[in-house]
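Let's go through a few of the labels attached to this structure and ask what stands behind each one.

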Amino acid sequence: MSVTVQQQDFDAGAEMAALRKNNPKVGAVASFIGVVRDMNDGDSVADMTLEHYPGMTEKALEDIEAQAKTRWDIFDTRIIHRIGTLKPTDQIVMVVVSGAHRGEAFAACEFIMDYLKTAAPFWKKESTSQGARWVDARVSDDAAMARWKVGNK
Amino acid sequence: MINLKYFASLKEELGVTHEAIALPAASANVLSVVQTLQARGGKWQDHLVSDGKLKFAVNHVMVNVDAPVRDGDEVAFFPPVTGG
């Protein structure tokens with residue numbers, strides 16, 4: 001289990017390979033990559049800047065990984081989240097989960113992303129054709145999290 | 001003393017990133033800290049509103065308004081998160 005918050009880009013292939021390396025019990029590696037889009041709420045987005053809460057962010061992400069590990073029979077997890085200014089097509093976040101079988105790996109990967117969306121202290125400010133604005137939290141993200149029925153949310 | 005931190009849109013609206021204030025009461029909680037700040041009036045009253053869009057963390061853990069706050073704690077205020 002590991003977590004990295006960084007400004008620089010990451011190599012998705014290398015991250016996925018790392019989770020099966022030296023573990024012949026791995027039968028599945030599930031992953032998700034979040035990417036900057038060039039549109040949001042009807043306006044074109046030139047770039048976005050991600051702010052976070054140093055110290056809390058890492059702790060929150062590690063807690064999410066620990067909860068995924070408790071809930072599903074998986075081997076390892078990796079979360080990388082970028083901060084700073086990013087442009088459309090840039091990678092923002094990556095979650096990788098390894099396990100023996102795909103069902104548990106897929107579910108844990110989705111759980112981590114849904115949880116991260118509602119509990120990890122990151123905030124996006126986008127530069128659009130209408131000016132700079134903070135991105136509003138989506139009700140659909142809360143709904144996505146609610147279906148996992150985590151007690152403390 | 002307790003250390004306060006503000007993030008994202010809230011930080012911009014208040015014009016403050018962090019500050020240290022005295023613990024409002026011996027048995028303080030997040031709500032009493034919020035009320036102390038709201039008593040400053042103006043932008044503090046306008047933006048520190050418990051309308052469900054204001055989130056709190058004490059010592060790096062997200063909490064509700066009834067969470068206790070003790071001397072030396074770090075209390076953070078921020079809008080709903082939008083990462084990922």
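Q: Why is His60(B) called partly exposed?
A: His60(B) has 17 C-beta neighbours inside 10 Å. A residue is buried with 20 or more other C-beta atoms within 10 Å of its own, exposed with 12 or fewer, and partly exposed in between, with C-beta atoms placed from the backbone. So 17 makes His60(B) partly exposed. By the way, this is a predicted model, where local features need pLDDT of at least 70, side-chain atom pairs count only at pLDDT 80 or more, and totals for chains, interfaces and linings use all residues. Residues are numbered from 1 along each chain as its sequence is written, while chains are lettered from A and ligands numbered from 1 in the order in which they are written.

Q: What makes the phi of His60(B) worth a look?
A: Phi is near 75° there, a positive value in a residue other than glycine. Most residues other than glycine have a negative phi. His60(B) is in the loop between strand E3 (55–58) and strand E4 (61–63) of chain B; helices (H or I, at least four residues) and strands (E, at least two) are DSSP runs, numbered from the N terminus.

Q: Why does Lys149(A) count as exposed?
A: Lys149(A) has 7 C-beta neighbours inside 10 Å, so it counts as exposed. Lys149(A) is in the segment after helix H4 (139–146) of chain A, and its phi is positive too, about 50°, although it is not a glycine.

Q: How do you know that H3(A) is largely enclosed?
A: Of its 18 residues, 13 are buried, so the rest of the structure largely encloses H3(A).

Q: How do you know that the span of H3(A) agrees with its 18 residues?
A: The expected span is 1.5 Å times one less than the number of residues. For H3(A) that should be 26 Å, and the end C-alpha atoms are 25 Å apart, so the two agree.

Q: What makes chain B agree with a compact globule?
A: The radius of gyration is taken over C-alpha atoms, and the globule rule is 2.2 Å times the number of residues to the power 0.38. With 84 residues that gives a value near 12 Å; chain B has 12 Å, so it agrees. Its C-alpha atoms fill a box of roughly 35 × 30 × 20 Å along the principal axes, and buried residues make up 30% of the chain.

Q: Which residues of chain A are in contact with Ala76(B), leaving aside sequence neighbours?
A: Tyr53(A) and Met56(A) are among its contacts, a contact being two C-beta atoms, placed from the backbone, within 7 Å.

Methods:
Lists of a residue's contacts leave out its neighbours within four places in sequence.
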